[in-house]
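This report describes selected side-chain contacts and helix packing in the structure shown below.

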Amino acid sequence: MKKITLLGAGMIGRAMTIDLSENHFVSVLDVDKERLDQLNGHKNIITISGSVFDDDIFNKSVKDSDLVLSAVPGFIGFEVLKKIISAGKNVVDISFFSEDAFELDELAKQNNVTAVVDCGVAPGMSNIILGYHNTLMNIKNFECYVGGLPVKRTYPYQYKAPFSPIDVIEEYIRPARIKVSGKIEIKEALSEPELIEFDEIGTLEAFNSDGLRSLLKTMNIPDMKEKTLRYPGHIEYIKVLRESGFFSKEEIDVNSVLIKPIDLSAKLLFPLWRLKRDEEEFTVMKIIIHGSDGKDDKTIKYFLFDRYDYKTETSSMARTTGYTATAAVNLFLNNKFARKGICPPEFVGSEPGCFEYVWNYLASRGVNYKKSEMKLSV
């Protein structure tokens with residue numbers, strides 16, 4: 001059995017810890033004792049209370065680890081990843097920070113480190129799927145629509161956050177980069193809304209978000225976009241908050257106290273957006289890939305609809321995100337993926353056998369993607 005250190009025992013971190021503990025020893029580091037207490041009683045798990053930025057605690061936690069799994073909030077993700085790489089530890093990361101992970105590529109290679117980043121559902125499995133098909137065909141267009149939502153729609157937001165609210169807010173303020181005719185275009189977040197029908201849940205609203213990330217550098221595909229899915233009406237409420245300055249990172253003076261509006265907004269929204277432990281929610285993702293294999297033009301579609309698992313008390317977002325990451329952990333530990341440096345998930349998907357491994361790993365845990373293909377002869 002291998003030794004893994006997991007940083008962050010939140011909703012997704014908990015699911016990953018329990019999954020990995022079936023075959024490995026897992027040490028979990030978090031500042032929140034209440035989160036750690038939820039892992040008591042599980043075999044092969046050790047909990048460590050403390051901050052990742054406490055060098056003594058961090059170094060002791062990762063010293064004997066075969067791999068580190070980072071599930072910290074996005075606003076500290078880049079610095080934490082840099083600490084892990086500097087310690088010479090291989091890592092899988094799902095913190096989805098705003099910085100460019102490739103800035104650490106040289107450091108990772110110098111330290112002989114494999115660093116799989118953005119390894120969730122989207123980015124994550126969406127990249128793995130695209131990386132796999134990019135080795136088989138000349139892709140002309142890639143579209144990804146994805147969202148995680150509560151089954152119960154509660155006004156005004158009709159939304160619950162499966163991860164840090166401040167990370168969700170980033171989706172609403174960070175400009176969205178898409179690819180059009182081979183060129184990167186910048187779109188305002190929440191822009192170009194469109195209604196999409198799903199048999200399982202009805203109508204959802206899609207808007208531009210900055211989810212392509214590494215794909216803009218690694219994939220030579222003329223047209224690419226990613227859109228986030230919410231219940232209809234959500235966009236307008238969020239736009240009002242954004243345009244009123246509630247998501248600003250600039251400090252303002254409130255009765256002689258300097259505060260960042262985004263910090264206050266995250267604090268206020270957290271009780272409204274926090275998923276209850278047994279609250280039913282779902283993850284939905286639709287991927288469309290169009291291209292040619294030299295013989296036929298093809299349109300390949302993938303569809304995911306996953307619900308909260310009552311049996312294991314695991315949210316759908318924790319399952320779809322977390323189990324993709326734990327699949328990557330096991331890929332590395334089983335010597336099926338060994339590329340060094342910063343490795344976004346499309347690099348994983350492009351390696352022989354890796355796509356199939358992750359696909360089967362997810363299916364064995366009840367996370368099932370459906371695939372369809374339509375051909376048009378050239």
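Is Ser 61 buried or exposed? Ser 61 counts as buried because its relative accessibility is 8%; buried means under 20% relative accessible area, exposed over 50%, and partly exposed in between (1.4 Å probe, protein chains only). The model is predicted: local features need pLDDT of at least 70, side-chain atom pairs count only at pLDDT 80 or more, and totals for chains, interfaces and linings use all residues. Residues are numbered from 1 along each chain as its sequence is written, and side-chain values use heavy atoms, with hydrogens and water left out.

Ser 61 belongs to helix α3 (residues 55-62); helices (H or I, at least four residues) and strands (E, at least two) are DSSP runs, numbered from the N terminus. Apart from its neighbours within four places in sequence, Ser 61 is in contact (heavy atoms within 4.5 Å) with Thr 5, Leu 29 and Ile 48.

**Packing of α6 and α13**

Helix α6 (residues 125-134) packs against helix α13 (residues 354-364) at an angle of about 140°, and their axes are 10 Å apart. Axes are lines fitted to C-alpha atoms, for helices over the stretch in contact, and angles run from 0 to 180 degrees between N-to-C directions. From α6, the residues Met 125, Ile 128, Ile 129 and Tyr 132 meet Phe 355, Glu 356, Val 358, Trp 359 and Leu 362 of α13. This contact comprises eight nonpolar residues, no polar ones and one charged; Ala, Val, Leu, Ile, Met, Phe, Trp, Tyr, Cys and Pro count as nonpolar, Asp, Glu, Lys and Arg as charged, and the others, Gly among them, as polar. Helix α6 is mostly covered, with nine of its ten residues buried; among them are Ser 126, Asn 127 and His 133.

**Salt bridges**

The whole structure contains 26 salt bridges, each a side-chain nitrogen of Lys or Arg within 4 Å of a carboxyl oxygen of Asp or Glu. Three of these pairs are tabulated here.

| Pair | N to O distance |
|---|---|
| Lys 33 and Asp 37 | 3.4 Å |
| Glu 243 and Arg 242 | 2.9 Å |
| Glu 373 and Lys 298 | 3.5 Å |

Glu 373 lies in strand β18 (residues 369-377) and Lys 298 in strand β16 (residues 296-307), so this pair ties together parts that are 75 residues apart in sequence. Glu 373 is partly exposed at 37% relative accessible area, whereas Lys 298 is buried at 14%. Both residues belong to a network of salt bridges that links Asp 293, Lys 298, Lys 371 and Glu 373.

Lys 33 and Asp 37 both lie in helix α2 (residues 33-37), four residues apart, about one turn of the helix. Lys 33 is exposed at 53%, and Asp 37 is partly exposed at 36%. In the remaining pair, Glu 243 is exposed at 57%, while Arg 242 is buried at 14%.

**Aromatic pairs**

The count of aromatic pairs comes to 16. Rings of Phe, Tyr and Trp (its six-membered ring) pair if their centres lie within 6.5 Å; planes under 30 degrees apart count as stacked, over 60 as edge-to-face and the rest as tilted. Tyr 157 and Trp 273 form an edge-to-face pair, 5.8 Å centre to centre with 85° between the planes. Tyr 157 is in the loop between β7 (138-150) and α7 (165-173) and Trp 273 is in helix α10 (residues 261-273), so the pair ties together parts 116 residues apart in sequence. Trp 273 is buried, at 0% relative accessibility.
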